[in-house]
Amino acid sequence: MQTLITKLEKLSHLSGISGREDAVREYILKEIAPYCEDVMVDAAGCVLAKKKGARPAEKRLMLAAHMDEVGLIITRICEDGLLAFAPVGGIDPRVICGKTVTVGENRIPGAIGIVPIHLSSDKSSVPNIDSMYIDIGTTSKEESEKYVTPGDYAVFDTVFEPFGDGLLKGKALDDRAGCAIMLELMKRDFPNDVYFAFTTMEEVGTRGAKCAAFTLQPDYAIVLESTTAADIAGVAEASKVCKVGKGAVVGFMDRSTIYDRELYQRTLDIARDKNISCQIKQAVAGGNDSGAIHQSRGGVRTMAISLPCRYLHAPASVIAKSDFEAVCELSYQLALSILAN
Amino acid sequence: MAVYEIINGLAQAIGPAGAEGGAATLAAQLLGDFVPVRRDALGNVIAEFGKKDAKEHILLDAHIDEIGMIVTYIDDDGFLHISGCGGADRRTMIDAEVYVHGESKLPGVICCMPPHLTDPANRSKVPDWDGIYIDIGYNAEKARELVPLGSRVIVRSKPIKLIGGKICAKSLDNRAGAAALIRVVELLHGEIDKLPCRVSVLLSTREEVGGQGATTAAFALAPTQAVAVDVSFARQPGAPSGSCGVMSSGPMIGYSPILDLRVTEHLRSLCKEKSIPWQNEIMGGGTGTNADKISVSRGGVRTGLVSIPQRNMHTAVEIVDPEDVENTAQLLAAFVRSGGANIDN
């Protein structure tokens with residue numbers, strides 16, 4: 001458990017917004033080297049690798065998690081030195097107001113400001129993202145140009161740490177948690193070869209996964225993701241989707257995939273038989289790499305196993321250690337089951 | 001001490017209105033290096049020095065309290081319900097990281113609206129305080145044990161240095177002002193015996209909830225003239241430029257119907273004399289600072305106002321230029337050395 005958390009801490013602090021997953025990719029390439037062969041980085045930037053099993057693959061199983069996180073991209077440097085930006089991936093404007101970020105490879109610190117409430121006619125609304133800006137302390141376009149360039153990315157600067165009763169808080173838990181689990185699973189034994197895909201650009205349209213699935217040609221896929229837990233105050237019980245601490249999340253349908261019915265049922269059965277904490281996702285909401293994978297080539301039988309995560313797509317997200325472990329175990333057991341049958 | 005260091009230290013201290021504890025203690029310690037300091041019934045930090053029997057008694061005030069939140073209720077799932085304490089900006093609270101000061105300091109996260117429950121057309125509205133909750137990651141039983149009702153909540157924000165030496169942190173309103181006054185005392189302490197007037201430096205409590213600290217201290221100290229130091233609006237996108245000063249252009253000297261003309265004029269002429277950059281802040285009535293309270297203390301006190309230009313007021317990412325704070329300190333030290341404005345009739 002502790003290695004899983006240590007890896008997640010490292011991954012959470014790396015900067016890897018969609019399309020610029022470099023730092024995460026480098027870390028993963030280093031970590032998987034002792035365990036995998038046929039490692040390649042494809043044209044979309046995905047890391048594809050084969051973990052050798054006792055025998056070659058009879059049916060191809062691919063495990064997938066995405067390396068990218070949501071963030072911001074600098075669109076323009078204004079005359080007064082402030083930086084205009086656009087979101088990369090879906091970001092609610094309310095979660096970035098009044099927060100700090102670091103910009104570009106030199107990690108220039110900046111603040112996303114807002115007009116003081118005293119001077120605002122509307123004290124309950126935040127501006128649109130296209131009227132927000134990052135303030136790095138400069139006073140002119142010329143000065144800013146010494147430090148940043150349009151196209152630089154700005155990433156949240158959340159510190160990863162334990163939280164409350166067995167919880168973890170950090171940025172990019174969606175989906176560095178999935179990546180950390182894949183790094184752990186890679187160390188385990190499989191009866192047959194298994195393929196691992198660390199994908200890119202999930203947050204901007206599951207683009208890496210589309211390419212990775214085409215290349216690896218899996219028959220089966222297990223996607224390790226994070227999914228929105230709305231088990232917070234002010235939300236009706238029926239709308240909570242899933243709960244932090246209540247186990248690995250297994251879904252029947254989301255906005256881009258209807259999951260393989262037999263795999264779905266099998267996953268629930270395995271969880272029950274192996275006593276792995278598990279819950280059903282109680283909403284049709286969200287989407288993930290399964291959307292691209294299940295419709296690759298002639299079709300792929302796909303299942304997603306997710307971590308319940310509060311405050312997804314926001315600087316401070318929260319997951320439970322116990323769920324982290326449950327997703328790891330359940331995905332391993334499902335993989336074994338797929339390879340066996 | 002370099003003014004940046006004073007601001008940096010004070011900005012990290014905890015001191016919401018009515019519970020100024022940590023911040024007041026630190027400020028008292030910093031002042032106490034130079035002059036004797038005492039506290040009063042409402043927690044004000046007061047330093048008195050200078051010529052005891054002088055005719056002029058100058059009061060310099062900066063409020064030491066910051067805005068924050070307070071726990072009103074813990075629900076059956078362990079989430080904390082809160083109210084604002086001072087005008088905290090709810091628009092910057094969603095997914096904010098906070099510390100809850102209960103039995104111990106607990107990290108927390110302010111809940112966000114779940115995306116599947118948010119209508120894309122309504123993604124700009126922030127709920128009222130009764131729709132904002134704090135997640136500390138505990139069940140109800142444990143949360144109730146760890147967090148007494150009335151516990152304070154402060155946004156978690158480590159000061160960061162921006163380009164040009166500017167500081168970005170919580171509570172620069174008004175730790176920047178308090179830092180200016182600590183620097184004033186530091187600048188004057190070698191000449192305390194030679195000052196022509198009596199001086200009281202007041203780091204007042206509760207400004208954000210009604211100014212009760214300054215009201216009571218001004219009554220007790222009974223100065224003949226006063227200058228309040230606070231922060232005010234620096235130009236930033238969306239802010240009407242008529243209401244704003246410009247960051248790094250020096251202290252904003254207040255000019256308003258309720259501020260004393262002679263004190264105001266004296267502040268301006270000192271700037272010109274000592275080549276201290278300054279700018280106008282012209283207002284139509286009340287200033288929204290302790291100056292409003294001090295100026296009508298007892299039979300009236302001739303009061304001026306000096307403000308440090310600041311962006312993003314009442315958020316965790318307030319920004320000031322330490323140069324403006326230093327220039328404010330230089331101005332007020334000059335004010336004291338000159339014995340204040342000539343207010344004889």
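Reply: In this predicted model, H4(B) passes H8(B) in a right-handed crossing, a crossing being right-handed if the near helix is turned clockwise from the far one by less than a right angle, and left-handed if anticlockwise. The model is predicted, so local features need pLDDT of at least 70 and side-chain atom pairs count only at pLDDT 80 or more, while totals for chains, interfaces and linings use all residues. Residues are numbered from 1 along each chain as its sequence is written, chains are lettered from A and ligands numbered from 1 in the order in which they are written, and side-chain values use heavy atoms, with hydrogens and water left out.

Helix H4 of chain B covers residues 172–188 and helix H8 of chain B covers residues 322–337; helices (H or I, at least four residues) and strands (E, at least two) are DSSP runs numbered from the N terminus. Their axes come within 8 Å and cross at roughly 50 degrees, where axes are lines fitted to C-alpha atoms, for helices over the stretch in contact, and angles run from 0 to 180 degrees between N-to-C directions. H4(B) and H8(B) are therefore oblique to each other, since angles under 35 degrees count as roughly parallel, over 145 as roughly antiparallel, 65 to 115 as roughly perpendicular and the rest as oblique.

On the H4(B) side, the residues that meet H8(B) include B:Ala176, B:Ala180, B:Arg183, B:Val184 and B:Leu187, and their partners in H8(B) include B:Val325, B:Glu326, B:Ala329, B:Leu332 and B:Arg337; contact means heavy atoms within 4.5 Å. The residues of this contact divide into twelve nonpolar, two polar and three charged, with Ala, Val, Leu, Ile, Met, Phe, Trp, Tyr, Cys and Pro counted as nonpolar, Asp, Glu, Lys and Arg as charged, and the others, Gly among them, as polar.

The buried residues of H1(B) are B:Val3, B:Tyr4, B:Ile6, B:Ile7, B:Asn8, B:Leu10 and B:Ala11.

Elsewhere in chain B, B:Gly68 has its place in strand S4, residues 68–74, and at 4% relative accessibility B:Gly68 counts as buried.

Technical notes:
Buried means under 20% relative accessible area, exposed over 50%, partly exposed in between (1.4 Å probe, protein chains only).
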